[in-house]
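Work through the exercises below with the model open beside you. Try each task before reading its solution.

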Amino acid sequence: MDIKLAPSSLTECKVGLVALPVTEEDLGKKGASPAFDALDGALGGVLRTIARQEDFTGKAGTKLLVHSHGKIPASHVLLVGLGAAEKADLEALRRAAGTAAKEATRVNAGKLAFAVPGRHGTFDEARAATEGLQLGAYRFDKWKSKKDEEKKELKQAFVTGAGLDKDADARKGLELGLAVAEGICFARDLVNEPAMTMTPTQLARAAQAKLKVPGLTVTVHDRKKIEQLKMGMFLGVAQGSREEPKLIEVKYTPRGARGAKAKPVALVGKAITFDSGGLSLKPADAMVDMKTDMAGSAAVFGAMFAIAHLKPDFPVHAYVGSCENMPSGSAYRPGDILTARNGKTVEITNTDAEGRLVLGDVLTYAVQQSKPRVVIDLATLTGACIVALGMTTVGTWSNEDEWAEKVLAAAKQAGESFWHMPLTEEVKENLKSPVADMKNSGARWGGSISAALFLREFVEGNPWVHLDIAGPSTTDKETGYQSKGGTGVGIRTLVELVRSLEA
Ligand code: BES
Ligand code: MN
Ligand code: ZN
């Protein structure tokens, strides 16, 4: 979809649908919102009446669609609730834009005009609106034989506001929004694709194709290199599948010599393209969605795409170890003892705790290669994290509180829900093995903490942040800018973090 900036005039826009986000205060009394009053006036005052009749008060997550009956060029008028004015932040605006794109698609408007409220600065508003519109219009229908939605394509959207078309900040905001949304849609596509086609080989190819942009280089290593690197845990997980494992590196290098020499930020993403559980096989219900067990890597690739657009003055290096976790005659077994790249031995007590094994080896490699100022991993690591925080919050662990705080601040700015979790030392008892240096899984309680403590053993004392995205990496909701399937969670936070570190 094409997005442009346009000057404010919903009453004159020649589009199928005009959308106005409104706060609860905006609808309160006449004069509270000039934009609403103008639209209401053009429609002969029916907008306020219908809103009252339909009990539409501007609450967040609500909407009201009315026909214009030829009173203005647009055939449809949509009001989208932002909630109470003091809570109507950029995330509320992003969600409203997503709702507008969905409604415009549903009524087959063809073109849409979305008015930004003019309360947050034009860069941020243009960016949030652009992200919301693009993400709201996202669909994954490549596997549908009857694309009946095809005719209902939203072709163009205008982000409107007074003087916006001539505003340099708004233009920059729109461009960043486009890059971020493209990164997120790429990540969603990777996550939504079935495991039969999104194999480690295909994941590597997709990354190579999408990340062929100035500033980025992609390198793909195969099994031989993984063997040379002595990644015994990674190889142990990979050995049960007929699919070849891949180690994928993406490097962003700034143009200037000084920037190129700065300490990199390193990113690591979990990329189990299918997690059957291995010989510790998952029950059917728990296995259905396990094509999404590579969402951490999808977020890392999506973020690298956006970062190439941002062009920070320091390097960013991404590392992804990808394989399938399958049960077979060659699969690793409970009781096996694997030797990690860093020399530690690990007794396998559950082959379904595979993510930490692959991540452990890749984390060691990442810190050795990049000597980063911080390494951040994103992983659909534990069901326990979903039990603790629900489906919408990312669990955040770090061996340095300052880095956790930086990531949490970035998440807040990005409108993503993150929560700081503890590295409770007592839980380490969980991972004691009678026969090896440690085991890969322990008691049920504090399961997401033991996973984090396991990973900490492999970062060689470097500043490290672990993000468990098992819950928020997918959604079953079709609201705001979300749609069923992969969400691309984490990308906006990584982008915000990189932006904050630039300063
Ligand atoms: N990929 C799963 C975690 C997961 C669960 C992600 C649900 C998304 C939704 C991970 O590999 C796993 O199986 N974890 C086990 C660990 C246990 C065996 C220690 C879990 O959470 O049950
Ligand atoms: Mn598993
Ligand atoms: Zn897994």
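The model is predicted.

**Exercise 1. Describe how helix 5 and helix 6 pack, and name the residues that make the contact.**

Solution. 
- Step 1: find the elements. Helix 5 spans residues 168-192 and helix 6 spans residues 200-210.
- Step 2: take the geometry. Their axes come within 12 Å and cross at roughly 160°.
- Step 3: classify the angle. Angles over 145 degrees count as roughly antiparallel. Helix 5 and helix 6 are therefore roughly antiparallel to each other.
- Step 4: Helix 5 passes helix 6 in a right-handed crossing.
- Step 5: list the contact. Helix 5 supplies Glu-182, Phe-186 and Leu-190. Helix 6 supplies Leu-203, Ala-206, Ala-207 and Lys-210.
- Step 6: sort by class. The contact of helix 5 with helix 6 has five nonpolar residues, two charged residues and no polar ones.

**Exercise 2. Is Glu-91 buried or exposed? Which side chains make polar contacts with the side chain of Glu-91?**

Solution. 
- Step 1: Glu-91 sits in helix 3, residues 90-106.
- Step 2: judge the accessibility. Buried means under 20% relative accessible area. Glu-91 has 9% relative accessibility, so Glu-91 counts as buried.
- Step 3: list the neighbours. Leaving aside residues within four places in sequence, Glu-91 is in contact with Ala-414, Gly-415, Tyr-481 and Arg-492.
- Step 4: pick out the polar contacts. The side chain of Glu-91 makes one with the side chain of Arg-94, at 2.6 Å. A polar contact of 2.6 Å also joins the side chains of Glu-91 and Tyr-481.

**Exercise 3. Where does Thr-380 lie, and which residues does Thr-380 touch?**

Solution. 
- Step 1: Thr-380 is in the loop between strand 13 (374-379) and helix 13 (383-389).
- Step 2: judge the accessibility. At 9% relative accessibility, Thr-380 counts as buried.
- Step 3: list the neighbours. Not counting residues up to four places away in sequence, Thr-380 touches Lys-270, Thr-292, Asp-293, Ala-295, Asp-468, Ile-469, Ala-470 and Ser-473.
- Step 4: find the polar contact. The side chains of Thr-380 and Asp-293 are joined by a polar contact of 2.4 Å.

**Exercise 4. Locate His-69 and Lys-311, and give the phi of each.**

Solution. 
- Step 1: His-69. This residue lies in the loop between strand 3 (63-67) and strand 4 (76-83). His-69 is not a glycine, yet has a positive phi of about 45°. At 70% relative accessibility, His-69 counts as exposed.
- Step 2: Lys-311. This residue is in the loop between helix 11 (295-310) and strand 10 (316-325). Lys-311 has a positive phi of about 55°, although not a glycine. At 54% relative accessibility, Lys-311 counts as exposed.

How values were computed: Residues numbered from 1 in each chain as written. Chains lettered and ligands numbered in written order. Predicted model: local features only at pLDDT ≥ 70, side-chain atom pairs only at ≥ 80, totals over all residues. Heavy atoms only, no water. Axes fitted to C-alpha atoms, helices over the stretch in contact; angles between N-to-C directions. Helix = DSSP H or I, 4+ residues; strand = E, 2+ residues; numbered from the N terminus. Parallel < 35°, antiparallel > 145°, perpendicular 65-115°, else oblique. Left-handed = near helix turned anticlockwise from the far one by under 90°. Contact = heavy atoms within 4.5 Å. Nonpolar A, V, L, I, M, F, W, Y, C, P; charged D, E, K, R; others polar. Buried < 20%, exposed > 50% of the residue type's maximum accessible area, 1.4 Å probe, protein only. Polar contact = N/O pair within 3.5 Å; in protein donor to acceptor, adjacent residues only side chain to side chain.
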